Amino acid sequence: MSTRLPATDATRCWEPAPARAALREDEVHLWRADLDRPAWPLAQLARGLSPDELVRADSFVFPRDRRRFVAARGMLRWLLCGYLDCEPRVLALRDGPNGKPELATPSGSPPVQFNYSRSQGGALYAVTRGRQVGVDLEALRPVPEAEQIAKRWFSPRERAALAAIPDAQRDEAFLRAWTSKEAYAKAVGIGIASGLERIEVALAPSKPPKLRAIDGDPGEAARWSMPEPPPTPCYAAALVLEAPGCLLRCWSLLPRLGHPL
């Protein structure tokens, strides 16, 4: 059985997915999935996709990328339909500002809000009610261009903090900072072109990143919380949530006979 954990609890862990997850107003649900599991019923997931999503799936050159897209979008639909009590193929999604996916028609009271991210073979999904939410996932890897990227998108304090981190830890620290910025940008629906440099993150080697200021305003950053997701091997992940005080529940998605989740 999944346990409810405060968003500030450092002992959180991934639990097996429940048969059904009821979403309370004071909760944010975080799901992770391994898109490369061979047991995912891809044909069943594909049947729930919209015509536009099927066209996007067919646009991928490599079969592995096509399978990952179908799995990621198909599971997003199944997850949302579990909360909204509908069928995946009738669930109407649209791209909001800067491509942020959203429900075409708000549903629930307060309405369900969600965000998702995928990187290589991993995916994260965040679902809550009545508040903006953003999530970002990046596979851990060497980032030889990190310094150049930081010059463009990081504040002077962020660059100084990053430079002070030991070389062996710097790539992971950079990706953790980057996912934090991206998660906030996705929560509010802005793109990279709108300025990730507007988002300042506090960096320290032994601590998770925290929002320090938005457009130089610490008060705006204080309106948001960054509950740290449980560790996901080989990935950096960030979750940004409007308003503090929510309970964080975290589950791993696994294939089940006759049902993708």
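**Strands, helices and their partners**

Q: Which does Glu200 count as, buried or exposed?
A: The relative accessibility of Glu200 is 10%. Buried means under 20% relative accessible area, exposed over 50%, and partly exposed in between (1.4 Å probe, protein chains only). At 10%, therefore, Glu200 counts as buried.

Q: What kind of model is this?
A: Residues are numbered from 1 along each chain as its sequence is written, and side-chain values use heavy atoms, leaving out hydrogens and water. Local features need pLDDT of at least 70, side-chain atom pairs count only at pLDDT 80 or more, and totals for chains, interfaces and linings use all residues, for the model is predicted.

Q: Where is Glu200 found?
A: Strands are DSSP runs of E, at least two residues long, and helices are runs of H or I, at least four; both are numbered from the N terminus. Glu200 falls within residues 199-204. That run is strand β9.

Q: How many bridges join β9 to β10?
A: Two strands pair if DSSP finds at least two bridges between them. A hairpin links β9 to β10 through 2 residues. Strand β10 covers residues 207-214 and runs antiparallel to β9; the number of bridges is 5.

Q: Which residue in β10 stands opposite Ile199?
A: Contact means heavy atoms within 4.5 Å. Beyond four places in sequence, the contacts of Tyr184 include Ile199 and Ile214. Across the strands, the residue opposite Ile199 is Ile214.

Q: Which does Tyr184 count as, buried or exposed?
A: Tyr184 lies in helix α6, residues 167-188. Its relative accessibility is 5%. So Tyr184 counts as buried.

Q: What distance separates the C-alpha atoms of Tyr184 and Ser225?
A: Along the chain, Tyr184 and Ser225 are 41 residues apart. The separation of their C-alpha atoms is 9.8 Å.

Q: How is α2 oriented to α3, roughly parallel or roughly antiparallel?
A: Helix α2 (residues 51-58) and helix α3 (residues 63-84) pack at about 155°, their axes 9 Å apart. Axes are lines fitted to C-alpha atoms, for helices over the stretch in contact, and angles run from 0 to 180 degrees between N-to-C directions. Under 35 degrees counts as roughly parallel, over 145 as roughly antiparallel, 65 to 115 as roughly perpendicular and the rest as oblique. Therefore α2 is, relative to α3, roughly antiparallel.
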